[in-house]
Amino acid sequence: MIYPYKKTEPVIHETAFIADNAVITGDVTIGEQSSIWFSSVIRGDVAPVRIGKGVNIQDLSCLHQSPERPLVIEDGVTVGHQVTLHSSVIRKHALIGMGSVILDEAEVGEGAFIGAGSLVPPGKKIPAGHLAFGRPAKVIRPLTDKDKQEMERIRKEYIEKGQYYKSLQKKD
């Protein structure tokens, strides 16, 4: 379901896949070939949510923000199942592992990988191209070529799956 919040409606690129039971409301922008998966909630009713191109927000994720602290997700980001993102910045081609929580004013660097179940506390900066893991998240090591290839495989797979599911919606 897509809802306005007061006078502001979500702006969703025509090529984005939005699952029928996802909820999107308010000041939300979703870029081209992005996908918002089943039972995810994106509320732009406190501050803006900006989602770039080729982003996938997987099942059961929750995106929200604090006053005057937008949530920014740059191009090519993968957000795993049951992730909570709150007033943070996720840089290009990062991957947020399943069940992770990224809190206010945290920043995940370009191409970084947050391991499943991690907690990135308020204001924490994860450097580009590194693996961080734990509660609280700690930087573990630079990513390997194998890590980067797997992240790219997942990103491309979600673009393809999103476009497939979008094609099914057009047939309804």
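Biologist: In which sense do strands E6 and E8 pair, and over how many bridges?
Modeller: Strands pair if DSSP finds at least two bridges between them. Strands (E, at least two residues) and helices (H or I, at least four) are DSSP runs, numbered from the N terminus. Here E6 and E8 (residues 62-64) pair in the parallel sense over 2 bridges. Ile42 stands opposite Leu63 in E8.

Biologist: What should I know about the model itself?
Modeller: This model is predicted: local features need pLDDT of at least 70, side-chain atom pairs count only at pLDDT 80 or more, and totals for chains, interfaces and linings use all residues. Residues are numbered from 1 along each chain as its sequence is written, and side-chain values use heavy atoms, leaving out hydrogens and water.

Biologist: Which strand pairs with E6 over 7 bridges?
Modeller: Strand E4 (residues 23-30) does, in the parallel sense, with E6 spanning residues 41-51. Val28 has Val49 in E6 as its bridge partner. Val49 also stands opposite Leu71 in E9. E6 and E9 (residues 71-73) pair in the parallel sense over 3 bridges.

Biologist: How many aromatic pairs does the structure hold?
Modeller: Rings of Phe, Tyr and Trp (its six-membered ring) pair if their centres lie within 6.5 Å; planes under 30 degrees apart are stacked, over 60 edge-to-face, the rest tilted. The structure holds 8 such pairs. The Trp37 and Tyr165 planes stand at 90°, with ring centres 5.4 Å apart, so this pair is edge-to-face. Trp37 lies in the loop between E5 and E6, and Tyr165 in helix H1, so the pair ties together parts 128 residues apart in sequence.

Biologist: Is Trp37 buried or exposed?
Modeller: Buried means under 20% relative accessible area, exposed over 50%, partly exposed in between (1.4 Å probe, protein chains only). Trp37 has 4%, so Trp37 is buried. Tyr165 has 31%, so Tyr165 is partly exposed.
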